[in-house]
Amino acid sequence: MRWDSQVTTVEQADVLPGLARLNTFIRSVRTPEFAGVTFHEIHAKSALNKVGVNSAVPFTWTINPYRGCSHACVYCFARPSHQYLELDAGTDFDNQVIVKTNIAEALRADLAKPSWQREHVALGTNTDPYQRAEGRYQLMPGIIDALADSGTPMSILTKGTLVRRDLPRLQQAARSVPVDIAMSIAIFDDDLQQSIEPGTPSTAARLATVTAAAEAGFSVAVFMMPVLPYLTDAPEHLDQALGRIKEAGATSVTYTALHLRPGVKEWYARWLNTHRPDLTPRYRRLYGDGSYAPKHYRRELAERIRPLIRAHGLERAVEDPQTGSMGQTAQARANARDDNGEWRRTRVRDSGLAATRQDARANLALERDESATLF
Ligand code: SF4
């Protein structure tokens, strides 16, 4: 493999028990350029994941080249998914990254099956495909090529500025299949952003990536997800954020309020209690009984942000009645939301779409959980 020649790489002998049980496990490695992060390389048997039939998400197939994410967002919805390998949803999620080193080859095998219908495939729905590890493993070029060569539409949602590396390749892919790019940018206070998304590129760098993608000819959506109650939901913050998004060249904005499922809630509560204990009582009132902000909060947020989105010209695109085409196919999916910004259980079109984990499950039944007393 391409990194075998790197003398700085150290193979770890003390393999984690959950990983050691995997018959697809290859090795665990550390390297100085990723201090504190361990990569666990596995051999994927297949690359395409089918979303459950009862899922509310507006896509059927996903690809996740990595599990865990060094972007380390405190609020990350995917954290509990790490527990299946006896890794914790906190620092292990940030620092123990599973890498499917052969994913492009596995994907080509999946796509070559006669049963493959070339349905839309979404990347970035669980963990970020352009997290820092991608700079080392370079899995995305092979994935993009495999999808494009097979005639499969794709969408990418990321916080990673590394996507700029692949813009020429994505332009090439877009000549044969629909390609959607969406950037996740939710926090426009630099100190807060560094504190709560410590491993991510800065907001300015992500906005510059929006500009680069727009200049490359893509209709770029920005996902303001999540909006953090009492931290990023003030009208001034929202107005300033939307102004910068528009100025960067994005065509639309989708948003949703913070969702704190069990496993994430504990991690977020720890951050809040450390950095903003003054807000703890207010969060207790919002999330004390469950995972979702209550309806009254989401309604008030919608009343605040929607006029601003409209004023900045960032409303979601609508289907052209003449051609049936979408300026940004992701927007077709986004239009399937109700007045509170949640998914309706309808499919708008067969192709298109990018969404975050927060969105994906936003209309599942409200959960009551044991961590309700954390705030
Ligand atoms: S929210 Fe996205 S970018 Fe942040 S840690 Fe989770 S997967 Fe990574």
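**Salt bridges and their burial**

Colleague: What relative accessibility does R169 have?

Modeller: This is a predicted model, so to be clear: local features need pLDDT of at least 70, side-chain atom pairs count only at pLDDT 80 or more, and totals for chains, interfaces and linings use all residues. Numbering runs from 1 along each chain as its sequence is written, and side-chain values use heavy atoms, leaving out hydrogens and water. Buried means under 20% relative accessible area, exposed over 50%, partly exposed in between (1.4 Å probe, protein chains only). R169 counts as partly exposed, at 33%.

Colleague: And which residue forms a salt bridge with R169?

Modeller: A salt bridge here is a side-chain nitrogen of Lys or Arg within 4 Å of a carboxyl oxygen of Asp or Glu. The closest N and O atoms in this pair are 2.9 Å apart.

Colleague: How far apart in the chain are E41 and R27?

Modeller: Their side chains meet in a salt bridge at 2.9 Å, N to O. E41 is buried at 0%, and R27 counts as buried too, at 12%. E41 lies in strand β3 (residues 38-42) and R27 in strand β2 (residues 25-30); strands are DSSP runs of E, at least two residues, numbered from the N terminus. The separation is 14 residues.

Colleague: Which residue does D110 pair with in a salt bridge?

Modeller: D110 is buried, at 8%. The closest N and O atoms are 3.6 Å apart, and the partner is K113.

Terms used
Helices (H or I, at least four residues) and strands (E, at least two) are DSSP runs, numbered from the N terminus.
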